[in-house]
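This briefing gathers notes on the ligand site, on selected residues and on backbone geometry. Please read it alongside the sequence and the structure shown here.

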Amino acid sequence: NEDLKGLISALLVPFNEDGTVNEKGLRQIIRHNIEKMKIDGLYVGGSSGENFMLEKETKKQIFDIAKDEAKDEVILIAQVGGTNLYEAIELGQYATELGYDAISAVTPFYYKFSFEEVKNYYFDLVEKVDNRLIVYSIPALTGVEIGVSQFKELFENEKIIGVKFTAADFFLLERLRKACPDHLIFSGFDEMLLPAVINNVDGAIGSTYNVNGLRSRKIFELAQAGKIQEALAVQNETNDLIEAILDNGLYPTIKQLLKLQGCNEGAFLSRKPMASATQEQINRSKEIYDAYLK
Ligand code: NGF
């Protein structure tokens with residue numbers, strides 16, 4: 001699974017006023033990620049893609065566009081999970097037929113599923129989809145915590161090859177890395193990339209790599225070379241940017257920054273009920289761009 005390692009952008013998706021996908025804008029964002037941010041891959045259909053507000057056909061459309069635009073230039077991972085197992089299976093099969101390198105699935109949320117239920121969801125999914133799967137663990141949004149022994153139970157299925165670890169629990173990350181040296185662990189929080197790399201993650205998947213990919217790669221490479229203080233200096237700069245983005249509204253601000261970096265075709269709205277950037281947020285995005293990305 002070495003081929004999946006690297007710095008992977010969680011793809012942002014621009015929407016039109018009526019909630020449809022702005023295809024031209026999306027294609028620009030994909031090209032921008034590959035050519036300017038030099039990322040190794042795209043994570044399609046994640047939180048940053050506003051995926052959990054979309055209908056199945058729109059999710060498929062986004063998988064189509066991403067594959068058609070990126071071809072085989074970078075790693076492509078399709079996030080297919082949610083609360084509907086049968087939809088996840090259909091999307092997983094769809095993305096696999098398109099040629100996605102792996103699928104990923106969020107832990108099922110909303111109902112308080114037992115670990116047995118979560119495990120069955122993953123096992124049922126990989127039984128029906130001929131692809132590798134990366135568990136998407138994001139307890140802050142799903143409320144689902146998975147411990148080391150439970151990860152080991154999931155990893156007993158050889159098609160479940162790793163986890164996108166989006167948590168600030170570095171004790172758990174350290175324990176998991178030690179317990180599962182042969183499984184892939186991707187760091188999920190961009191603002192904690194350095195401590196994650198120190199804990200020997202295999203890669204990182206995040207939203208801010210869409211606009212801050214070059215700096216983030218420096219953090220990765222410096223840390224892997226043992227140059228921790230130099231890496232920390234770049235993480236400090238990065239976190240000034242991320243803090244400003246979070247204060248101004250995460251996805252609407254990243255979309256505005258993408259526009260300022262040249263992805264400017266059509267509308268860059270959010271999918272309702274998520275609010276799009278107000279004029280004030282647009283103005284502040286310009287200041288953020290001037291201060292940290294110019
Ligand atoms: O956006 C979130 C929500 N997390 C992302 C990432 O872990 C998940 C992270 O990059 C993701 O992007 C996806 O599934 O599409 C943050 O946006 C970033 O670290 C700023 O906090 O937690």
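Ile 198 lies in helix α8, and in this predicted model its relative accessible area of 48% makes it partly exposed, because the exposed class begins only over 50%. Ile 198 and Ile 161 are 37 residues apart in sequence, and their C-alpha atoms are 21 Å apart in space.

**The ligand and its surroundings**

- Where does the ligand sit? The ligand is placed in the largest pocket, and 19 residues surround it, the closest being Ser 48, Gly 188, Glu 191, Ser 207 and Tyr 251.
- Sorted by class, the shell around the ligand consists of nine nonpolar, seven polar and three charged residues.
- An oxygen atom of the ligand lies 2.5 Å from an N or O atom in the side chain of Ser 48, and an oxygen atom of the ligand is likewise found 2.8 Å from an N or O atom in the side chain of Asp 190.
- For Lys 164, the separation between an N or O atom of its side chain and an oxygen atom of the ligand is 2.9 Å.
- On its own the ligand has 490 Å² of accessible area, and the protein covers 94% of that area.

**Ser 48, a residue of the ligand shell**

- Ser 48, listed among the closest residues to the ligand, has its place in the loop between β2 (41-44) and α2 (56-70).
- Ser 48 has a relative accessible area of 5% and is therefore buried, since that class covers values under 20%.
- Computed along the chain the separation of Ser 48 and Val 144 is 96 residues, and from C-alpha to C-alpha it is 19 Å in space.

**Residues in helices**

- Asn 212 belongs to helix α9, which spans residues 209-224, and Asn 212 is buried, with a relative accessible area of 3%.
- The side chain of Asn 212 makes a polar contact, at 3.0 Å, with the side chain of Arg 215.
- Arg 175 is located in helix α7 (residues 170-179), where its relative accessible area of 36% places it in the partly exposed class.
- Arg 175 and Asn 199 are 24 residues apart along the chain, while their C-alpha atoms are separated by 9.6 Å.
- Leu 85 is found in helix α3, which comprises residues 85-98, and Leu 85 is buried, with a relative accessible area of 15%.
- Between the C-alpha atoms of Leu 85 and Gly 203 there are 27 Å in space, and these two residues are 118 residues apart in sequence.

**A buried asparagine in a loop**

- Is Asn 157 buried or exposed? With a relative accessible area of 17%, Asn 157 is buried, because values under 20% fall in that class.
- A polar atom of the Asn 157 side chain lies 3.0 Å from the backbone nitrogen of Lys 159.

**Backbone geometry in loops**

- Tyr 110 has a positive phi of about 75° although it is not a glycine, and Tyr 110 lies in the loop between β4 (102-106) and α4 (115-128).
- With a relative accessible area of 67%, Tyr 110 is exposed.
- Asn 200, a residue other than glycine, also has a positive phi, near 65°, and Asn 200 is found in the loop between α8 (193-198) and β8 (203-206).
- Asn 200 has a relative accessibility of 52% and so counts as exposed, because that class takes values over 50%.
- Which peptide bond is cis, with omega near 15°? The bond in question runs from Lys 272 to Pro 273, and Pro 273 lies in the loop between α11 (250-260) and α12 (279-292).

Note on methods
Residues numbered from 1 in each chain as written. Predicted model: local features only at pLDDT ≥ 70, side-chain atom pairs only at ≥ 80, totals over all residues. Heavy atoms only, no water. Near = heavy atom within 4 Å. Polar contact = N/O pair within 3.5 Å; in protein donor to acceptor, adjacent residues only side chain to side chain. Areas by Shrake-Rupley, 256 points an atom, 1.4 Å probe, with all protein chains shown as cover. 1 Å grid on protein atoms, 1.4 Å probe; cavity = no way out; pocket = protein on both sides within 12 Å on 5 of 7 lines; lining within 4 Å. Sits in = over half its atoms within 2 Å of the grid points. Nonpolar A, V, L, I, M, F, W, Y, C, P; charged D, E, K, R; others polar. Buried < 20%, exposed > 50% of the residue type's maximum accessible area, 1.4 Å probe, protein only. Helix = DSSP H or I, 4+ residues; strand = E, 2+ residues; numbered from the N terminus.
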